[in-house]
Amino acid sequence: MIKDGQFYIDFPEPYKRRELNAKYREIPLKDTTSRQLRKYFNAMANLYGIIPLRKAYEIISSQSPKLVTRDEFLAFAEIARHECEDYYILGLDELYVDGKLKDVLDREIIDVSLIGDGLDRYHALLRSQRGKPYYVPSKAELLAYDDAFYCEPTEETNQMREFIETRLQLPEWKKADVFDELVFGIRCADADFPQVQERLTAMGVHFPRRKDFQTFIERYQAFHNTTRMQSNRGYTPNELFDLLPREEQMPQTLSFGPNIRKALAEGNMNAEELRRGIMEADLPSEQLRLSLLKELAEAAPAKPVGEKKPKIGRNDPCPCGSGKKYKKCCGR
């Protein structure tokens, strides 16, 4: 909400741990039950980003039927609003000046990273989640997401870890940071590849050999498509794609035409300019961007040192085969 021209949220007053424990016992709840619910809330914030208490209770009661009653759950949630955790529990009445809370179960568990100087990231995530179902894993798998950087041990995850361990010339502690950055960028920030590359560069990650960059793109694409995302309500891009009716499925890859591939192979097209264009393009999905970058890395051979690239006159036909002059096409 806006107060005196400034973004402002009237967060519930934080309680000290001793006061919190005393209030939990008044419900009454065992310490073990409180810890279990806290893990559930934290895991859901990490996996979903935003989830209403109503849905959270539905999931918890289906996985742990005897853990809490509905009234105990609501009492816990009310006290948990005053904890300093990695999530908020807020209602529309606290997020918006004219917001009204019709039911306490409509309050949402919200990843703290979504609310900073404004609600832009919160709104963006709501838009991206619209109409998508919730992915509900097993109890053990869901609670594993209590760790914000947990990643399922899939083949793609292992290959990404292996690449970081063996190909990046970095201290061991920084390699772990790089992997965590990739996980956060995909799951929570829904970062596009240019943002990921910019962040990695800031962390000191470089790919001196083109082959290493090509391999990274391949590994990252597979890792991206099999990582659970808040924007997909816990589904991976591949899983969500398979859930869509065939007529609604968007292509997962794009390909250059034969003329562009030939121009790249013969060195008649500036691969670096094309790469920048792909990085800056507004594409419907990151899968498409990554598929183009992968194909570019495969189609443009490494240029031997000292080799001169044939010069294309500005009035010559563009090598991409468009029929336009180079200066009015790829040479702009």
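Colleague: Leaving aside its neighbours within four places in sequence, what is glutamate 218 in contact with?

Modeller: Glutamate 218 is in contact with Lys294 and Glu298, once neighbours within four places in sequence are set aside. Do keep in mind that this is a predicted model.

Colleague: Thanks! Where does glutamate 218 lie, and is it buried or partly exposed?

Modeller: Glutamate 218 lies in helix H11. Its relative accessible area is 29%, so it counts as partly exposed.

Colleague: And how far apart are glutamate 218 and serine 291, in sequence and in space?

Modeller: They are 73 residues apart in sequence, while their C-alpha atoms are 8.5 Å apart.

Colleague: On to the inside. Which residues touch the most other members of the largest nonpolar core?

Modeller: That core has 35 residues, and Leu182, Phe193 and Phe216 are the ones that touch the most other members. Two or more residues come from each of helix H8 (155-167), helix H9 (172-187), helix H10 (193-202), H11, helix H13 (258-265), helix H14 (271-280) and helix H15 (286-299). In domain terms, at least three of the core's residues come from domain 2 (155-227) and at least three from domain 3 (258-299).

Colleague: What does leucine 182 contact, beyond its neighbours within four places in sequence?

Modeller: Leucine 182 is in contact with Met160, Ile164, Val196, Leu200, Phe216, Tyr220 and Phe223. Apart from this core lies another one, of 34 residues, including Leu37, Ile51, Tyr57 and Ile59.

Colleague: Now the strands. How do S3 and S5 pair?

Modeller: Strand S3 (residues 50-52) pairs with S5 in the antiparallel sense, over 3 bridges. Within that pairing, isoleucine 50 stands opposite isoleucine 110 in S5. Strand S4 (residues 87-90) also pairs with S5 in the antiparallel sense, over 4 bridges, and there tyrosine 87 stands opposite aspartate 111.

Colleague: Which way do the residues of S5 point?

Modeller: In strand S5 (residues 108-111), Glu108 and Ile110 point one way and Ile109 and Asp111 the other way; all are buried.

Colleague: Changing topic: how many disulfides does a search of the whole structure find?

Modeller: The search finds 0 disulfides. As for individual cysteines, cysteine 84 is exposed because its relative accessible area is 66%, over the 50% cut-off. Cysteine 188 has a relative accessible area of 9%, so it is buried.

Colleague: What about arginine 233: what is its phi near?

Modeller: Phi of arginine 233 is near 50°, which is a positive value in a residue other than glycine. Arginine 233 is found in the loop between H11 and H12.

Colleague: Why does arginine 233 count as buried?

Modeller: Arginine 233 is at 18% relative accessibility, and buried means under 20%, so it counts as buried.

Definitions and conventions: Residues are numbered from 1 along each chain as its sequence is written. This is a predicted model: local features need pLDDT of at least 70, side-chain atom pairs count only at pLDDT 80 or more; totals for chains, interfaces and linings use all residues. Side-chain values use heavy atoms; hydrogens and water are left out. A nonpolar core is a set of buried Ala, Val, Leu, Ile, Met, Phe, Trp, Tyr and Cys residues joined through side-chain atoms within 4.5 Å. Buried means under 20% relative accessible area, exposed over 50%, partly exposed in between (1.4 Å probe, protein chains only). Domain bounds come from an automatic or database domain assignment. Contact means heavy atoms within 4.5 Å. A disulfide is a pair of cysteine sulfur atoms within 2.5 Å. Two strands pair if DSSP finds at least two bridges between them.
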